[in-house]
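I opened my notebook to record what I looked up in this structure, one topic at a time.

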Amino acid sequence: MKLQEIKNIDIVGKKIFIRCDFNVPMDDDLNITDDRRIKSALNTIRYCIDNDCAIILASHFGRPKDKYDERYSLKPIAKRLHTLLKQEIIMAKNVVQDDTMELAKNLKAGEILLLENVRYNVGETSNDKEFAAKLASMADVYINDAFGVSHRAHSSVEAITAHFDIEHKAAGFLLAKEIKFFHHIVNEPKRPFVSIVGGSKVSGKLEALHNLIKKVDKIIIGGGMAFTFLKAMGYEIGQSLVEEDLVGEAQKIMDEAKKLGVKFYLPIDVVVAEAFSAEAIAKVTTVQEIPKTWMGLDIGPATASLFSLALQDANTILWNGPMGVYEMDKFMKGSMKLSHAVASSFATTVVGGGDTADLVRITGDEEEMTFISTGGGASLELIEGKILPGVKALIIGE
Ligand code: AMP
């Protein structure tokens, strides 16, 4: 798979459409609380400025209902881009109406036009061809730098690519880095390769588990999804999260691991609570003794030690999903200990998924990780072995 990259096409003096992912968290007063996603788009934008391009930026933000809604406006993004780039950002009032098309047409080298939220337009999420054609008509070159939505067949991500040949479309620096990193780690990992999978449900990660099991040396399961596996092993799991219909599937994954010689780790003790609440009474119990009316909300201390031990000889660690309900202090210790263990290992460490990225920020281990992916769903689909819709058209020879 050879991805067309921005550095390999001729963009000098051209009009460039860059699909970014500016879907940043904001508080109720529309203050940006974390501008990492904006910062990670700057490499590509600056590269285009340096190459005398006229730049049109597009992004979605939240889930507006196909029409203008001030809460989802990209105006705060324009302000932050202005601060970071120290240059004027021309803010469009809409996405593809006449006045915006006119602004795009008259855009000069070095100028930056930010379109309004592409999801204000009904055609974006339905991958509408007409909407894509209008977006495409604004520019000579299309750049996708929005890894976080590249697993979605949306108009500004997928349909738009049909309007550019392979010399006029490419992955931006961020997208290229994400794709290459995951491709490398999943297909040519330094062994032992250990994958840690957590989070709430088996269902969301089933395909990823099936693909991973064929590639890893060890797999560590924590979080809510562990209970479906523990149930398959015949344990009483009380009121813990479980997907009854996937108990058989969980057993199949464990059988497959055995067949392939993959070391399979499950919690041996858990923090249980009487209710799903930060105020609930909690205690540690072995998985053999989970009370019928209690629920498991974190891995226990013995499990954290066991998992850390299993990580000691790892050369590659891929982590997706917290070990417990890390949003509540009481149930974040397991995730915290594991985060420290991953951070202090000598392995190449890759963290994927919004929650896990958030978690390693909270635990202070962010700087110690080799790579933190900006996209949750997209990184999972790469682990599943899929080619993302927004990336397919950027592969040379496709
Ligand atoms: P996911 O989106 O599938 O990666 O799941 C992340 C969510 O899983 C987080 O919000 C955690 O609070 C939740 N989670 C982790 N462990 C548990 C658990 N034992 N019971 C319920 N929810 C959990």
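Predicted model: local features only at pLDDT ≥ 70, side-chain atom pairs only at ≥ 80, totals over all residues.

I began with the largest nonpolar core, which has 56 residues, and found that F22, I45, L57, I77, L81 and L115 touch the most other members. A nonpolar core here is a set of buried Ala, Val, Leu, Ile, Met, Phe, Trp, Tyr and Cys residues joined through side-chain atoms within 4.5 Å, and buried means under 20% relative accessible area, exposed over 50% and partly exposed in between, with a 1.4 Å probe and protein chains only. Among the elements that give two or more residues to this core, I noted strand 1 (15–19), helix 2 (42–50), strand 2 (54–58) and helix 3 (75–85). Helices (H or I, at least four residues) and strands (E, at least two) are DSSP runs, numbered from the N terminus. I then followed L57, which touches I18, C20, F22, I45, L81, I112, L113, L114 and L115, not counting residues up to four places away in sequence; contact means heavy atoms within 4.5 Å. A second, separate core of 49 residues includes F193, V202, I213 and L382.

Residues are numbered from 1 along each chain as its sequence is written, and side-chain values use heavy atoms, with hydrogens and water left out.

Next I looked at helix pairs. Helix 2 and helix 3 pack at an angle of about 65°, with their axes 12 Å apart, where axes are lines fitted to C-alpha atoms, for helices over the stretch in contact, and angles run from 0 to 180 degrees between N-to-C directions. On the helix 2 side I listed L42, I45, R46 and I49, and these meet L81, L84 and L85 of helix 3. By class, this contact of helix 2 with helix 3 has six nonpolar, no polar and one charged residues; Ala, Val, Leu, Ile, Met, Phe, Trp, Tyr, Cys and Pro count as nonpolar, Asp, Glu, Lys and Arg as charged, and the others, Gly among them, as polar.

For a second pair, the axes of helix 7 (residues 206–213) and helix 9 (residues 247–260) come within 10 Å and cross at roughly 10°. That makes helix 7 roughly parallel to helix 9, since angles under 35 degrees count as roughly parallel, over 145 as roughly antiparallel, 65 to 115 as roughly perpendicular and the rest as oblique. L206, L209, H210 and I213 in helix 7 meet E249, I253, E256, A257 and L260 in helix 9.

The buried ones are A378, S379, L380, E381, L382 and I383, and they pack against helix 6 (173–187), helix 7, strand 13 (316–320) and strand 14 (348–352).

Finally I checked the backbone. Most residues other than glycine have a negative phi, and most peptide bonds are trans. D52, in the loop between helix 2 and strand 2, has a positive phi of about 55° although it is not a glycine, and at 46% relative accessibility D52 counts as partly exposed. K86 also has a positive phi of about 55°, and at 71% relative accessibility K86 counts as exposed. The peptide bond from R191 to P192 is cis, with omega near 0°.
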